[in-house]
Amino acid sequence: MRHAIIASSSAVHGSGYLEYILDEIALLFKDTSSIVFIPYARPSGISHDTYTGIAAKAFAKINTTLIGLHTYDNPVEALKKAKGIFVGGGNTFVLLDQLYKRNLIPSLKQVLLEGTPYLGTSAGSNICGVSIKTTNDMPIIYPPSFNALGSIPFNINPHYLDPDPAHTHMGETRETRIQEFHEYNTTPVVGLREGSWLAVTPDDIILKGAHSAKLFTPHTKPNDIPTGTSLKTLK
């Protein structure tokens with residue numbers, strides 16, 4: 001992956017869809033007026049057409065046309081020819097299942113490696129990591145594999161929430177779940193808080209946004225990492 005924005009969410013509290021990051025998106029896709037949208041994550045089970053329509057309204061604000069990948073007769077060729085790609089949020093298991101079943105994983109990996117600009121939010125960010133094992137989503141469908149694109153050398157946990165000592169909820173926290181993951185896996189995990197994103201360039205991976213992120217590595221105390229931190233050596 002050479003040019004990408006890997007964002008925790010599609011929106012933050014009090015703002016519209018992609019509004020908080022729209023200036024960054026405009027810079028990412030500055031060399032094209034048309035990009036391919038992958039709507040397979042289907043938040044709340046909405047249709048591919050409905051989801052594409054929602055995303056298209058946001059991109060119209062930066063004079064960019066969005067075309068749903070589901071409308072192409074040959075989606076593999078569509079990815080190979082795309083000048084830019086956006087993968088939206090929703091259910092990560094559903095998204096990855098569709099990418100595998102449509103044989104899109106190899107093509108998506110290749111075009112990102114070659115430099116096609118990529119925007120991922122939530123589930124679309126989860127699939128950039130080594131696996132989707134640190135998603136927050138329910139496994140409502142079983143993809144052929146949990147292995148993802150591996151475009152970055154660590155996993156993402158979007159919408160990361162810190163434990164609230166004043167809360168009466170007695171279930172497991174995000175931190176607990178990620179520690180459980182590290183009992184069986186060694187892949188580092190970056191907990192991206194709402195409104196934060198990773199800016200990927202050919203030379204670096206930098207945390208951006210208003211908030212710090214939480215870095216988890218096996219059998220060590222998690223650390224807060226400030227915005228502006230480089231994660232290129234994390235693996």
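**Entry 1: a β-α-β unit**

I began with strand β2, helix α2 (residues 48-60) and strand β3, which make a right-handed β-α-β unit. Right-handed here means that, with the strands pointing away from the viewer, the path from the first strand over the helix to the second runs clockwise. Helices (H or I, at least four residues) and strands (E, at least two) are DSSP runs, numbered from the N terminus.

I noted that this is a predicted model, in which local features need pLDDT of at least 70 and side-chain atom pairs count only at pLDDT 80 or more, while totals for chains, interfaces and linings use all residues. Residues are numbered from 1 along each chain as its sequence is written, and side-chain values use heavy atoms, with hydrogens and water left out.

I then looked up how β2 (residues 34-38) meets β3: the two strands run parallel and are joined by four bridges. Two strands count as paired if DSSP finds at least two bridges between them. In β3, Gly-68 stands opposite Phe-37.

**Entry 2: the seven-stranded sheet**

I traced an open sheet of seven strands in the order β3-β2-β4-β5-β1-β8-β9, with mixed pairing. Because β3 and β9 (204-209) stand at the edges with a single partner strand each, one side of each is left without a neighbour in the sheet. From one strand to the next the twist averages 20°. Axes are lines fitted to C-alpha atoms, for helices over the stretch in contact, and angles run from 0 to 180 degrees between N-to-C directions.

Within this sheet I checked β1 and β8, which pair in the antiparallel sense over four bridges. Ala-4 has Val-200 in β8 as its bridge partner. Helix α2 packs on the sheet and touches β2, β3, β4 and β5, and its direction makes about 165° with that of β3. Contact means heavy atoms within 4.5 Å.

**Entry 3: aromatic pairs**

How many aromatic pairs does the structure hold? I recorded eight. Rings of Phe, Tyr and Trp (its six-membered ring) pair if their centres lie within 6.5 Å; planes under 30 degrees apart count as stacked, over 60 as edge-to-face and the rest as tilted.

The rings of Tyr-20 and Trp-197 have centres 6.3 Å apart and planes at 65°, so this pair is edge-to-face. The pair links distant parts of the chain, 177 residues apart: Tyr-20 is in the loop between β1 (4-7) and α1 (22-28), and Trp-197 is in strand β8 (residues 196-201). Trp-197 is buried, with a relative accessible area of 9%.

Phe-37 and Tyr-51 are also edge-to-face, because their ring centres are 5.0 Å apart and their planes stand at 85°. Phe-37 lies in β2 and Tyr-51 in α2, so the pair ties together parts that are 14 residues apart in sequence. Both count as buried: Phe-37 has 0% relative accessibility, and Tyr-51 has 3%. I also found that ring pairs link Phe-29, Phe-37, Tyr-51, Phe-59 and Phe-86 into a cluster.

**Entry 4: helix α5**

In helix α5 (residues 105-114), I listed Ile-105, Ser-107, Leu-108, Val-111 and Leu-112 as buried. Seen down the axis of α5, the buried residues fall within an arc of 165°, so they line one face of the helix. The arc is that of the directions from the helix axis to the C-beta atoms. An α-helix has 3.6 residues a turn, so residues three or four places apart point the same way.

On the other side of α5, Pro-106, Leu-113 and Glu-114 are exposed. The buried residues of α5 pack against β2, α3 (75-81), β4 (85-87), α4 (92-101) and β5 (118-121). Leaving aside its neighbours within four places in sequence, Ser-107 is in contact with Val-76, Leu-79 and Lys-80. Gly-115 follows α5 and has a positive phi, near 115°.

**Entry 5: the four-stranded sheet**

I finished with an open sheet of four strands in the order β6-β7-β10-β11, again with mixed pairing. Its edge strands are β6 and β11 (223-225), each of which pairs on one side only. The twist averages 30° from one strand to the next. β6 and β7 (residues 189-191) pair in the parallel sense over three bridges.

Notes: Buried < 20%, exposed > 50% of the residue type's maximum accessible area, 1.4 Å probe, protein only.
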